[in-house]
Amino acid sequence: MSGKDMLIPSGTWVQIESTILEPEERAQHLPEETKKCPLMLWVKGFLEEGAEMGQVVTVKTIIGRTLRGKLIAVNPPYEHNFGRTIPELLTVGKELRDLIEGEA
C-alpha cells in the first residue's frame, strides 16, 4: 500500500484546500493576472471521518468551523515567518531608548 492509499484516521490534524471562486466568477476590476486564477482556500483542522489523501473531506477547525475540501496534508507544519532580517532595524529599539533617556 502506498502512502497515498493509507487511511488517515478521524481526529487527525490535516490541511484541506478548496476553490472558492473560479476565474470566471471573480470580480472584473481585479488585475488580469489575478482574474486568471481561481480564489483558493487552505484550512487546517481535525478530520471528521477517516479518509485517504486527495479525497474530499470534512474538517472541524480549532474555532469549531466545519469545512469541506480536498485533503492535501497530514500534520501540516506552520510555515509563516516575518521575512528576512533587516539589519538597519536590529538596533532601532536601543537607539530609541537611548534617545528617550537622553531627553529626560
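## Nonpolar core

The largest nonpolar core of this predicted model comprises ten residues: Ile8, Val14, Ile16, Val43, Leu47, Ala51, Val57, Val59, Leu67 and Leu71. A nonpolar core is a set of buried Ala, Val, Leu, Ile, Met, Phe, Trp, Tyr and Cys residues joined through side-chain atoms within 4.5 Å. At least two residues of this core come from each of β1 (13–21), β2 (39–47), β3 (56–60) and β4 (66–74); strands (E, at least two residues) and helices (H or I, at least four) are DSSP runs, numbered from the N terminus.

Apart from neighbours within four places in sequence, alanine 51 has contacts (heavy atoms within 4.5 Å) with Met6, Leu7, Ile8, Val57 and Leu71.

## Salt bridges

The whole structure holds three salt bridges, each a side-chain nitrogen of Lys or Arg within 4 Å of a carboxyl oxygen of Asp or Glu. One joins glutamate 17 and lysine 70 at 3.7 Å, N to O. These partners are 53 residues apart, glutamate 17 in strand β1 and lysine 70 in strand β4.

Glutamate 32 and lysine 35 form a salt bridge at 2.9 Å, N to O, and both belong to helix α1 (residues 32–35). Glutamate 32 is exposed at 51% relative accessibility, whereas lysine 35 is buried at 16%. Buried means under 20% relative accessible area, exposed over 50%, and partly exposed in between (1.4 Å probe, protein chains only).

## Basis of the values

Residues are numbered from 1 along each chain as its sequence is written, and side-chain values use heavy atoms, without hydrogens and water. Local features need pLDDT of at least 70 and side-chain atom pairs count only at pLDDT 80 or more, while totals for chains, interfaces and linings use all residues.
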